Amino acid sequence: MTTNNPATPAAPEHPGNPSVPAANGSPAPKRSNPRPYHRGRGRRPSVKPGLPIRIISLGGLNEIGKNITAYECGDDIIVVDCGLAFPDSDMLGVDLVIPDVTWLVKNKDRIRGVVLTHGHEDHIGGLPYVLKQVNMPLYGTELTLALVEGKLKEHGLSGKVKLHVVKPGDTVKLGCMTVEFINVNHSIAGSVALAINTPAGLFIQTGDFKIDCTPIHGEMIDLARFGELGKEGVTGLLMDSTNAERTGYTLSERKVGEAFDTLFAKAEGKRLIIATFASNVHRVQQIVDYAQKYGRHVAVSGRSMVNVCGISAELGYLNVPDGLIVDIDEMERFPKEKMVLVTTGSQGEPMSALYRMAYSDHRKVSVGPDDFIIISANPIPGNEKTVGRVVNELMRLGAEVVYEEVHVSGHARQEELKIIMSLCKPKYFIPVHGEYKHLMKNKALAQSIGIPDKNIIISDIGKVMEFDKGNFKFVGAVPAGRVLVDGTGVGDVGSIVLRDRKHLAQDGLIVVVATIDGSSGSLVSGPDIVSRGFVYVRESESLMEQTRLTARNVLQDCADAHVTEWGTIKSRVKDALSKLLYERTKRSPMILPVIMEV
């Protein structure tokens with residue numbers, strides 16, 4: 001890492017730790033920083049005035065997750081974050097949802113870099129998929145890039161992407177724009193807001209944040225810097241809207257520690273199993289602290305939890321006394337009442353460690369009456385039933401389960417949002433990161449502190465916002481939306497495939513197999529009827545026989561009429577069977593005729 005002072009020798013990327021473990025624990029590729037940048041506060045580097053700036057949200061508006069924003073100025077483009085979203089319940093078989101970056105690919109020669117606010121999946125999870133289409137240098141804090149490195153290694157991109165480590169207070173020049181990184185509090189260490197200085201004015205993008213006066217690691221949010229920038233003049237403020245519906249202030253992470261203190265004492269004589277988000281290093285640190293206080297050892301379960309804890313400890317974000325953490329394979333060497341198991345699965349994910357424990361499918365942990373289980377996370381909207389099922393199964397195994405009031409959010413509530421608005425004093429306010437109801441709540445907060453309604457911009461993904469000489473207008477749209485990831489396939493599952501999957505899930509499948517004579521068109525054998533997910537054949541023999549006869553009559557009619565075009569034959573079979581089955585069952589299964597010719 002270099003500074004812009006030529007007299008100062010380059011410092012190592014990680015003092016005392018020349019290499020950071022990637023996701024699998026192997027040494028990470030060395031990160032470089034060929035671009036000089038400014039360390040610490042001071043006068044912002046000047047930019048050429050006069051050029052308009054265009055801001056395009058390619059994700060993260062009117063939705064939760066998939067956050068990505070592009071800033072276009074002259075011949076330069078910078079990208080803020082590149083996240084993913086998890087599939088809705090109607091996206092059958094889909095694993096992940098990533099942003100459509102068609103516009104970025106088309107303009108890849110103009111992209112100067114991607115600046116990252118923090119290391120959560122909804123802000124970095126889409127990077128491996130997007131970087132395969134367009135290679136862009138990445139700028140982020142140490143922990144954020146360490147988490148990214150693990151993803152790049154999994155996708156075969158290790159060493160192919162330039163990674164530049166920054167710290168709060170640094171300023172990086174990217175084309176005609178400069179980006180300053182501002183320390184903020186969130187539920188993952190190394191989180192920053194961005195002050196983006198452009199020829200058309202200064203724009204602040206908060207990323208995910210809250211105001212925590214007693215953070216577990218590092219300093220509290222740099223409110224003073226927001227105030228200084230507000231005095232200098234902020235053209236636009238792009239602010240997190242996730243908790244805009246919630247009144248008051250978000251509690252400090254240390255409130256969870258107070259709950260842990262009580263629960264650790266209550267769990268005397270039992271093994272503690274605590275499920276939380278793998279990325280919440282602050283939460284894990286408190287678990288470690290109270291384990292030490294109560295004389296317990298700590299083991300870690302779940303691939304992502306092991307990876308994040310390993311990286312965080314290596315970088316100094318997780319302080320663990322020697323000998324406190326033991327390998328999960330060595331847990332049996334210690335009395336149960338002397339163990340704490342930290343695990344993934346707080347959202348009831350089917351492949352998670354806690355889920356497998358609940359259904360007695362974990363190879364190394366068996367849950368029973370000697371276990372005290374804490375779920376230290378609130379269910380993400382839509383996950384309530386899944387989490388509830390896991391809690392039920394754990395209780396059936398005899399464990400005591402605590403799943404309420406052992407969590408605080410990492411997002412600012414209404415009073416905190418108003419504080420940042422008041423400090424920044426933006427001319428234009430642009431709520432981001434949330435569904436439409438969240439954006440509108442954030443808009444109401446801005447109105448309450450005096451920002452004019454005409455200066456509050458509710459945008460949508462793909463819409464282009466242009467700011468020029470203090471004025472704003474929408475100037476069209478670019479391609480944007482969602483790309484579905486299913487297994488190793490990226491983008492090969494679209495709306496038609498999803499429609500077919502939904503059809504199959506709702507009404508099942510009927511396959512009609514028949515063989516016809518290639519010269520005369522007469523029926524040689526069949527038709528045979530195969531039902532999957534429609535009716536139980538053994539209890540619906542009369543319906544299946546009627547279906548077979550109907551298909552046979554249609555095929556015979558086609559032969560008598562000398563209809564030999566396969567598309568026409570299949571269409572007539574489908575129409576006749578659809579009518580029959582709907583009349584008999586009021587259901588419309590997918591009908592798939594298979595016609596063979598001899």
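**Close-up views of a predicted model**

**View 1. The rings of Tyr355 and Tyr359 pair.** Tyr355 is partly exposed, at 24% relative accessibility (buried is under 20% relative accessible area, exposed over 50%, partly exposed in between; 1.4 Å probe, protein chains only). The model is predicted: local features need pLDDT of at least 70 and side-chain atom pairs count only at pLDDT 80 or more, while totals for chains, interfaces and linings use all residues. Residues are numbered from 1 along each chain as its sequence is written, and side-chain values use heavy atoms, leaving out hydrogens and water. Nine aromatic pairs occur in the structure (Phe, Tyr and Trp rings, the latter by its six-membered ring, with centres within 6.5 Å; planes under 30 degrees apart are stacked, over 60 edge-to-face, the rest tilted). Tyr355 and Tyr359 make a tilted one, at 4.7 Å centre to centre and 35° between the planes. Tyr359 is also partly exposed, with a relative accessible area of 35%.

**View 2. Phe472 and Phe474 pair edge-to-face.** Their ring centres are 5.1 Å apart, and 75° separates the planes. Phe472 is partly exposed at 23% relative accessibility. Phe474 is partly exposed too, at 35% relative accessible area.

**View 3. Helix H14 meets helix H15.** H14 spans residues 541-560 and H15 residues 566-585 (helices are DSSP runs of H or I with at least four residues, strands are E runs of at least two, both numbered from the N terminus). Their axes come within 9 Å and cross at roughly 150° (axes are lines fitted to C-alpha atoms, for helices over the stretch in contact; angles run from 0 to 180 degrees between N-to-C directions). The two helices are therefore roughly antiparallel (over 145 degrees; under 35 is roughly parallel, 65 to 115 roughly perpendicular, the rest oblique). H14 passes H15 in a right-handed crossing (the near helix is turned clockwise from the far one by less than a right angle; anticlockwise is left-handed). H14 brings residues including Leu543, Thr547, Val554 and Cys558 to the contact (heavy atoms within 4.5 Å). H15 answers with residues including Ile569, Val573, Leu577 and Arg584. By class, this contact has 11 nonpolar, five polar and two charged residues (nonpolar: Ala, Val, Leu, Ile, Met, Phe, Trp, Tyr, Cys and Pro; charged: Asp, Glu, Lys and Arg; polar: the others, Gly among them).

**View 4. Helix H4 crosses helix H8.** The axes of H4 (residues 142-154) and H8 (residues 303-315) come within 10 Å and cross at roughly 135°. H4 and H8 are therefore oblique to each other. The crossing of H4 past H8 is right-handed. Glu142, Leu143, Ala146, Leu147 and Glu154 supply the H4 side of the contact. Arg303, Val308, Ile311, Ser312 and Leu315 supply the H8 side. The class count for this contact is six nonpolar, one polar and three charged residues.

**View 5. Ser346 sits in a loop.** The loop runs between strand E16 (339-343) and helix H9 (353-358). Ser346 is buried, with a relative accessible area of 2%. Leaving aside residues up to four places away in sequence, Ser346 touches Ala275, Thr276, Phe277, Ile375, Ala377 and Val387.

**View 6. Val134 lies in a loop between helix H3 and strand E7.** H3 covers 127-131 and E7 covers 138-140. Val134 is buried, at 2% relative accessibility. Val134 touches Val105, Lys108 and Ile111, not counting residues up to four places away in sequence. Asn107 is 27 residues from Val134 along the chain, and their C-alpha atoms are separated by 9.3 Å.

**View 7. Asn62 has a positive phi.** The angle is about 60°, although Asn62 is not a glycine. Asn62 is placed in the loop between strands E2 (53-59) and E3 (68-73). Asn62 is partly exposed at 29% relative accessibility.

**View 8. Lys425 has a positive phi.** Its phi is about 50°, and Lys425 is not a glycine. The loop holding Lys425 lies between helix H11 (414-424) and strand E19 (428-432). Lys425 is exposed, at 55% relative accessibility.

**View 9. The protein holds 15 helices and 26 strands.** Of its 598 residues, 53% are buried. Among contacts between residues at least 6 apart in sequence, 73% join residues at least 24 apart.
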